[in-house]
Amino acid sequence: TLSSSSAASDVYKRQDIDKPNDTSFKGGYIDQGRDEWRLGVSRWMKILFILVFLMVLVGGLTRLTDSGLSITEWNVIKGAIPPLSDIAWALEFDKYKNIPEYQLQNKGMSLGDFKVIYWWEWGHRQLGRFVGLVWLIGFVYLNLRKKIPNAWKFRMLFVGLLGGLQGAIGWWMVSSGLVGRMVDVASYRLATHLGLAFIILGTLFWFVMRVERTDVDLMQSRRRSNLQSIRWTSLLLVLSFWQILLGALVAGIDAGRGYIDWPMMNGEFLPSESFDYNPLWTNFFENPALVQFNHRILGYVLMALGIAAWFKSRSIAHRKLRIGFKAILIMMVAQMVLGIVTVMYAAPWYIAIFHQIGAVVLIVLILQTKFIANFPQEQSVRS
């Protein structure tokens, strides 16, 4: 025993590695120093996640208050400064008077009412600029401090590129409501804008979960992955994202305010006017009857699959995975109730916004459960 201890001591001396009983020893040599960079990157991404969530929230309120077309120009630098004088406010109001929304829907609006919708849109754009600034400062600072490994540099650069693309799509969306006889933005452009926001949210959340676990831990956990749960969460994730896009189409054409009975729609299962538009394909994007019908039906499908996934999960040994599927089902029930209440009250903003927040929570819960299924941590025999 003495010779073994002596040999082990010689090995540590030769390799210049701290002994295990040294308080400075923190696991394998390859993982040393990992906590420092992971903590900084994790905090940065969590801040970005919260800010993007606020962007989704403010963007939803901007849409629900019909404020999105109040600023008729896109100027990255000058647009950050709001009107600061009566003359500047009058000029902005005159620009708004030239677009179809004012001429066809809001003619006679007072300057005071215009200021309300202007501040909503200005706040939404300003928050977008702030998110971009937080990303840029964090990316530059952590790189200069050499706190981001190369693999994560590309991942976070990808997030920044998605953010820039989101800004461009935002203007592409707004510009659709400034011409012709449009009094709102194009619904499919709104769906694209919201869909990309959820992709950015989901990407940030997934990266946060990954960065807080070491590569070695993830590789070892992957061997215990639950393939059945991965398939279920992947299916729920895809269909939930599709449902969010359909919800954006509903919001884009105010389809949630036209059929306010449930479970029927104006006394019919499928409204008779669901395919009245020509060409036929436009009904799926522009016909309030068919758009809301599709949103309802996919909600029922999701609910059925959520119940099935929870039922299957009851036999899973991993406790956190079972809890994850239970949380998904509970959120689906809450989201369906919110959707029904939103429709039956003709989609007032103070109810509809909670329905949108529920969509964020549901996506997060599905991603979290999917991550646990991919990388399950060891648990005690008791749990």
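1. Start in a loop. Pro 263 sits in the loop between helix 9 (227-252) and helix 10 (283-286). The model is predicted, and in it the peptide bond from Trp 262 to Pro 263 is cis. Its omega is near 10 degrees. Pro 279 is also placed in the loop between helix 9 and helix 10. The bond from Asn 278 to Pro 279 is cis too, with omega near -5 degrees. Keep the background in mind: most peptide bonds are trans.

2. Now the overall plan. The protein has 13 helices and zero strands. Read along the sequence, the pattern is α-α-α-α-α-α-α-α-α-α-α-α-α. The protein has 383 residues, and 44% of them count as buried. Look also at the contacts with a separation of 6 or more: 77% of these come from residues 24 or more positions apart.

3. How far apart are the end C-alpha atoms of helix 7? They are 36 Å apart. The helix has 25 residues, 187-211, and at 1.5 Å a residue it should span 36 Å, so the two values agree. Helix 7 is also mostly covered, since 21 of its 25 residues are buried.

4. Lys 370 deserves a look. This residue is in helix 13 (residues 349-374). Lys 370 is buried, yet it has no salt bridge. Which side chain of opposite charge is nearest to Lys 370? The answer is Asp 215, and it is 18 Å away. What does Lys 370 touch instead, leaving aside its neighbours within four places in sequence? Its contacts are Trp 206, Ile 230, Thr 233, Ser 234 and Leu 237.

5. As a rule, most residues other than glycine have a negative phi. Asp 66 has a positive phi, near 55 degrees. Asp 66 lies in the loop between helix 2 (34-64) and helix 3. Its relative accessibility is 22%, so Asp 66 counts as partly exposed. Ala 346 has a positive phi as well, about 60 degrees, although it is not a glycine. Ala 346 is found in the loop between helix 12 (319-344) and helix 13. Ala 346 is partly exposed, with a relative accessible area of 27%.

6. Next, charge pairs. Side chains of opposite charge can pair when their charged atoms come close. How many salt bridges does the structure hold? There are nine. One of them joins Glu 73 and Lys 95, at 3.1 Å from N to O. Glu 73 is in the loop between helix 2 and helix 3, while Lys 95 is in helix 3, so the pair ties together parts 22 residues apart in sequence. Glu 73 is partly exposed at 43% relative accessible area. Lys 95 is partly exposed at 22%.

7. Glu 121 forms a salt bridge with Arg 125, with the closest N and O atoms 2.7 Å apart. Both residues lie in helix 5, four residues apart, about one turn of the helix. Are Glu 121 and Arg 125 buried or exposed? Both are buried.

8. A further pair is Asp 217 with Arg 213, again with the closest N and O atoms 2.7 Å apart. Asp 217 is partly exposed, with a relative accessible area of 21%. Arg 213 is buried, at 9%. Elsewhere, salt bridges that share partners join Arg 63, Asp 66, Asp 254 and Arg 257 into one network. Asp 66 is the residue from point 5 with phi near 55 degrees.

9. Finish with a pocket. Rolling a probe the size of a water molecule over the atoms shows where empty space is left. The second largest pocket holds about 360 Å³ of space. It is lined by 18 residues. Which of them lie nearest its centre? They are Glu 73, Lys 78, Gly 79, Ile 81 and Glu 92. Helix 3 (86-97) and helix 5 (111-144) are the elements that give two or more residues to this lining. Glu 73 is also the partner of Lys 95 in a salt bridge.

Definitions and conventions: Residues numbered from 1 in each chain as written. Predicted model: local features only at pLDDT ≥ 70, side-chain atom pairs only at ≥ 80, totals over all residues. Heavy atoms only, no water. Expected span 1.5 Å × (residues − 1). Buried < 20%, exposed > 50% of the residue type's maximum accessible area, 1.4 Å probe, protein only. Lys, Arg positive; Asp, Glu negative; His and termini not counted. Salt bridge = Lys/Arg side-chain N within 4 Å of Asp/Glu carboxyl O. Contact = heavy atoms within 4.5 Å. 1 Å grid on protein atoms, 1.4 Å probe; cavity = no way out; pocket = protein on both sides within 12 Å on 5 of 7 lines; lining within 4 Å. Points joined across faces, edges and corners; volume = space filled by probe spheres on them.
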